[in-house]
Amino acid sequence: MASQQFPAVSVDDSIYSPTELHAVAGRKEFTPVVLSACLANACLDMTSLGCSKTRISWRQRSDFLYAVCQSQDDPYLAVRLGQDLHVTAYGMAGFTLLSSPTLAHAIETACELGVLLNTYQALFLDIQDARAELRINENSAIMGDAKHCSSFVDVSKFVTLLRDISHRDFSIDSLTFSAAGTHEDEACLSDLFGCVVLMGQEHNAIAFAAEHLHRALPQHHAITHHSCKQACIEQLQRLHSRYDICYRVKKILLAAPAALPAQGEVARLLNLSSRTLRRRLESENSSYNQVVEEVRTQLAVRFLLESSLSTEAISERLSYSDAANFRHAFRRWTGITPRAFRDEHRVARKPGVMCQPYDAQLHRLHQDLLSA
């Protein structure tokens with residue numbers, strides 16, 4: 001049983017809820033100054049986290065989680081963060097899992113609703129005789145320590161979800177992590193999870209007795225489960241529709257060799273009328289101008305950090321009427337001027353510095369431009 005991948009989603013596409021990050025940001029050990037820096041590292045702020053309409057990318061999630069873990073003197077903070085992410089943090093999707101008839105059914109549902117559970121990586125349930133293993137594959141597009149940080153959060157999160165759903169009679173045999181670690185790390189993590197933990201293994205996985213899969217869950221309710229799952233499916237369909245059209249528009253804009261094309265030209269390239277394109281975007285609570293703004297933000301960062309283009313040249317490339325309008329927009333996005341941003345982040349782009357995640361983001365943008 002493997003999870004279904006949301007079509008064509010990349011780690012830089014804003015499709016996930018910030019609910020998890022909002023929960024993490026509420027922890028007492030994070031001061032306002034630390035939080036502000038960590039959020040800025042992921043191009044976020046507290047206002048956006050608290051907005052129900054906000055959507056974040058998987059890279060933003062990873063960048064924020066890595067930054068907060070780096071900010072504290074606790075090597076196992078990523079595990080503690082995942083332990084705090086209970087089933088009720090995922091709204092309708094969480095209640096769908098909670099009201100499932102069996103654990104096997106709940107895991108199958110989690111595979112179907114992965115996006116709504118803030119899951120980018122593939123889930124795979126392997127059953128061998130009396131042993132079941134839920135594998136949580138790592139995302140190859142996120143590299144280094146940030147990847148392992150996300151993996152610790154996600155494995156810990158799914159341990160919490162499995163325990164929340166199954167209640168008291170559920171026990172885990174062992175956990176494995178692909179990240180390397182010492183025997184001391186394994187011992188500390190074993191204490192945190194209450195089971196055997198092995199590091200440097202082939203998979204990130206949660207192993208438990210297969211008999212748990214078919215036991216009736218304590219909070220199963222057929223009507224609640226059906227209504228919640230139906231609502232989740234409808235939400236996924238809306239996300240799919242919005243992502244599909246927005247993604248195609250975004251790819252065209254990113255591939256533009258000069259100034260960004262007008263809506264009519266983009267509609268022509270999509271074999272749609274301008275009215276149809278506008279209607280399809282509006283039906284998914286988006287607009288051509290909104291997509292253009294997202295692309296402008298990404299390209300502005302790329303041009304400022306990877307080129308020597310002047311502010312005037314960048315504003316022309318991004319189809320602003322003049323440089324002053326571009327500077328005003330950039331300050332609205334980031335809180336600082338284009339020149340200040342370029343000076344600060346060009347200096348900061350060194351190994352181990354908090355602003356390093358921009359490098360991976362810019363690499364992804366470059367790949368978008370080449371493949372569009």
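**Close-up views of a predicted model**

**View 1. Asp164 sits in helix α8, which spans residues 144-166.** The model shown here and in the other views is predicted. Asp164 is buried, yet it has no salt bridge. Which side chain of opposite charge is nearest to Asp164? That side chain is Arg163, and it is 8.3 Å away. A salt bridge needs a side-chain nitrogen of Lys or Arg within 4 Å of a carboxyl oxygen of Asp or Glu.

**View 2. Asp164 has polar partners in His86 and Val87.** The side chains of Asp164 and His86 make a polar contact at 2.9 Å. With Val87, the backbone is involved: its nitrogen lies 3.0 Å from a polar atom of the Asp164 side chain. Asp164 also touches Leu98 and Gln219. This contact list leaves out residues up to four places away in sequence.

**View 3. Helix α9, residues 183-193, has buried residues and exposed ones.** Which residues of α9 are buried? They are Glu186, Leu189, Ser190 and Phe193. These residues cover an arc of only 105° around the axis, which puts them on the same side of α9. An α-helix has 3.6 residues a turn, so residues three or four places apart point the same way. On the other side of α9, Glu184 and Asp191 are exposed.

**View 4. Helices and strands cover the buried residues of α9.** The cover includes the helices α5 (77-83) and α8. It also includes the strands β3 (174-176) and β4 (196-198). Just after α9 comes Gly194, which takes a positive phi of about 75°.

**View 5. Strands β1 and β2 run antiparallel and are joined by 6 bridges.** Strand β1 covers residues 123-128 and contains Leu123. Is Leu123 buried or exposed? Leu123 counts as buried because its relative accessibility is 2%. Leu123 and Glu138 are 15 residues apart in sequence, and their C-alpha atoms are 9.6 Å apart in space. Phe124 has Arg135 of β2 as its bridge partner. The hairpin of β1 and β2 has 2 residues between the strands. In this hairpin, Asp129 takes a positive phi near 55°.

**View 6. Strand β2 also pairs with strand β5, residues 205-209.** This pairing is antiparallel and runs over 5 bridges. Arg131 has Ala209 of β5 as its bridge partner. Why is β2, residues 131-136, largely enclosed by the rest of the structure? It is enclosed because 5 of its 6 residues are buried.

Technical notes:
Residues are numbered from 1 along each chain as its sequence is written. This is a predicted model: local features need pLDDT of at least 70, side-chain atom pairs count only at pLDDT 80 or more; totals for chains, interfaces and linings use all residues. Side-chain values use heavy atoms; hydrogens and water are left out. Helices (H or I, at least four residues) and strands (E, at least two) are DSSP runs, numbered from the N terminus. Buried means under 20% relative accessible area, exposed over 50%, partly exposed in between (1.4 Å probe, protein chains only). Lys and Arg count as positive and Asp and Glu as negative; His and the chain ends are not counted. A polar contact is a pair of N or O atoms within 3.5 Å; within protein, one must be able to donate a hydrogen and the other to accept it, and residues adjacent in sequence count only if both atoms are side-chain atoms. Contact means heavy atoms within 4.5 Å. The arc is that of the directions from the helix axis to the C-beta atoms. Two strands pair if DSSP finds at least two bridges between them.
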